[in-house]
Amino acid sequence: MDSAVIEEIKGIAGEENCTTKTADLYVYGFDASVHHENPDIVVMPKTTEQVSKIVKVANRHKIPILARGAGTGLCGHAVPLKKGIVLDMCKMNNIKEVQVEDLYCVVEPGVIYAKLNKELAKKNFFFPPTPGSGDVCTIGGMVAVNASGMRAIKYGATRDYVLGLEVVLPNGEIMETGTRTLKNSSGYQLDRLFVGSEGTLGVITKINLRVAPLPKARALALVAFDDLVKAGQCVSNLIAHPLIPSAIEIIDNVCIKAVNNAMKVGFPDVEAMLLVEVDGHPNVVEEEIKLVSEICEKSGAVNVEFSTDKDTMAKWIAGRKAVLPSLSRYGEKFVSVSLADDMAVPMSQIPKAVKAFQEIAKKNNVIVGTYGHAADGNLHTKMLLDPKSKKYWENGEKAVKGIFDAVLELGGTVTGEHGVAISKAPYMQTERSSALATMKAIKSALDPNNIMNPGKMMDWEGSIISNLRYEVEKE
Ligand SMILES: Cc1cc2nc3c(=O)[nH]c(=O)nc-3n(C[C@H](O)[C@H](O)[C@H](O)COP(=O)(O)OP(=O)(O)OC[C@H]3O[C@@H](n4cnc5c(N)ncnc54)[C@H](O)[C@@H]3O)c2cc1C
């Protein structure tokens, strides 16, 4: 990037809020995906006005610009594929209003999910989406990806809580969209357009969020199965009863072993387990957790135990949250990679989906761990492979294709919550083929110079195993 442009940016944000140091640029080239690329400069703006001025500079010089939250995206979202400017939004981290009597709060995008919920809990409220990365990920990143988590079945995803946004558009103009009210029918719901836009349409600088009252009680059941498909069938049986738990997590034996090994959680070493959570009024919780146990037993569970003890529940949930990092310690030369990591199918199709994943893993000679937020049909798979081996990557790519084909065949989506970016781009293009032209038209109308997080989603071309963070052996 031209040194005069770098100086112009430093003049706007202040030298102390910019870095071009080699080590910093290298670090900002990563997120939680398998991809990597260095930016030319990292800027930490403090105000919307600074963002607007920097975006105007980028637009004038046609320089790629990428807003970054905590960099926990799993598909290459925050990897600056075409280099340019990374805007680290961490210094725009103020909770500006908490209005529980009106059921909303207003935050800057760099606010960490857990920090917001700590603040809301003081008033017995919360922002429910519960991503596994909630201790570190930002609200801006959650909105940009439409993140959600284990409680989506009962409480919905981030999109269900966004009431309004302030956005810096690719030409640097500041746009306000939406309201502070719970209802709003005043024209196009543009705030929805930016939810899931993955930084490709503008920089989100302020967010009005709906909040919900905290449930008074919770209970959690740990349910063991000797067969993964039976566990999947049990999820359908619970929901069809009918019963809407606040979460149902499914974990297969590969993941159970990894977590027991890394965290000593003491989960039963069975083929599959479910964690089923119910919440609400204490009387309802007591009744529903007993019902959960009955349905699970009838569905063939080999063991059911449940708890309302806070420490026990926290231990089980921590074990579930540790699945992803624990998988990286499954075997000495293996790393766990996020490729086909986030499919969603109609809940009744879970048994077929998990069976298909097992067969695809076997056929392609890769180890696949399956877990996820089964209550809303959201299944995660992680592939364990030797990242230096070309053969492993090739097998992995074939398995990914097999998994996505199976999911689409079952009426599902290639991503329930993690988004598209690079790793899922070709398969999203298949899934959304009839909408691609409209998506491209929106992008080029708002961002004619293609500066905002370019080369991702509908613009990605090529293999998902390129721009890798690993050195892969030639043969
Ligand atoms: C261990 C682990 C567990 C996870 N569990 C879950 C889960 O349960 N559910 C889930 O949904 N996800 C999960 N994720 C994925 C990830 O944490 C979420 O997608 C999260 O919302 C990303 O937030 P972030 O702040 O890290 O954003 P980043 O990774 O920094 O950015 C993500 C995208 O958002 C865009 N963006 C960020 N801020 C802005 C802004 N202000 N304006 C415009 N665009 C912006 C970026 O350009 C990028 O495209 C997990 C990740 C990890 C590593």
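Trainee: Into which domains is the protein chain divided?
Mentor: Please bear in mind that this is a predicted model. The division of the protein chain begins with domain 1 (3–89) and domain 2 (91–213). It continues with domain 3 (217–409) and ends with domain 4 (425–459).

Trainee: What distance separates the centres of domain 2 and domain 3, and which classes of residue does domain 2 present to domain 3?
Mentor: Taken over C-alpha atoms, the centres of domain 2 and domain 3 are 28 Å apart. The two domains do touch: seven residues of domain 2 are in contact with ten residues of domain 3. On the domain 2 side, the residues divide by class into three nonpolar, two polar and two charged.

Trainee: How does the radius of gyration of the protein chain compare with the globule rule?
Mentor: The protein chain contains 16 helices and 19 strands. For its 475 residues the globule rule gives 23 Å, and the chain is close to that, so it is as compact as a globular protein of that length. The radius of gyration is 22 Å.

Trainee: What box do the C-alpha atoms of the protein chain fill?
Mentor: The box is taken along the principal axes, and its dimensions are rough values. They are roughly 70 × 65 × 40 Å.

Trainee: In the open sheet of four strands, which strands stand at the edges?
Mentor: The pairing in this sheet is mixed, and the strand order is β1-β2-β4-β3. A strand at either end of that order has a single partner, so one of its sides is left without a neighbour in the sheet. The edge strands are therefore β1 (18–19) and β3 (65–68).

Trainee: In which sense do β3 and β4 pair, and which residue of β4 is the bridge partner of A67?
Mentor: Four bridges link β3 to β4 (residues 85–88), and the sense is parallel. The bridge partner of A67 in β4 is L87.

Trainee: Which helices pack on this sheet, and at what angles?
Mentor: Helix α1 (residues 3–13) touches β1, β2 (41–43) and β4, and its direction makes about 15° with that of β2. Helix α3 (residues 48–61) touches β2, β3 and β4. The direction of α3 makes an angle with that of β4 of about 170°.

Trainee: Which element supplies the largest share of the shell around the ligand?
Mentor: The ligand is surrounded by 36 residues, the closest being G69, G132, G140, G141 and G199. Domain 1 and domain 2 each contribute at least three residues to the shell. At least two residues come from each of β3, α5 (139–145) and β10 (203–210). The largest share, five residues, comes from α5.

Trainee: In the open sheet of five strands, which strands are at the edges?
Mentor: The order is β5-β6-β10-β8-β9, with antiparallel pairing. The twist from one strand to the next averages 10°. The strands that pair on one side only are β5 (95–99) and β9 (174–178).

Trainee: What angle does helix α4 make with β5?
Mentor: Helix α4 (residues 113–121) packs on the sheet and touches β5 and β6 (104–107). Its direction makes an angle with that of β5 of about 35°.

Note on methods: Residues are numbered from 1 along each chain as its sequence is written. This is a predicted model: local features need pLDDT of at least 70, side-chain atom pairs count only at pLDDT 80 or more; totals for chains, interfaces and linings use all residues. Two strands pair if DSSP finds at least two bridges between them. Axes are lines fitted to C-alpha atoms, for helices over the stretch in contact, and angles run from 0 to 180 degrees between N-to-C directions. A residue is near a molecule or strand if its C-beta atom, placed from the backbone, lies within 6 Å of it. Domain bounds come from an automatic or database domain assignment. Ala, Val, Leu, Ile, Met, Phe, Trp, Tyr, Cys and Pro count as nonpolar, Asp, Glu, Lys and Arg as charged, and the others, Gly among them, as polar. The radius of gyration is taken over C-alpha atoms; the globule rule is 2.2 Å times the number of residues to the power 0.38.
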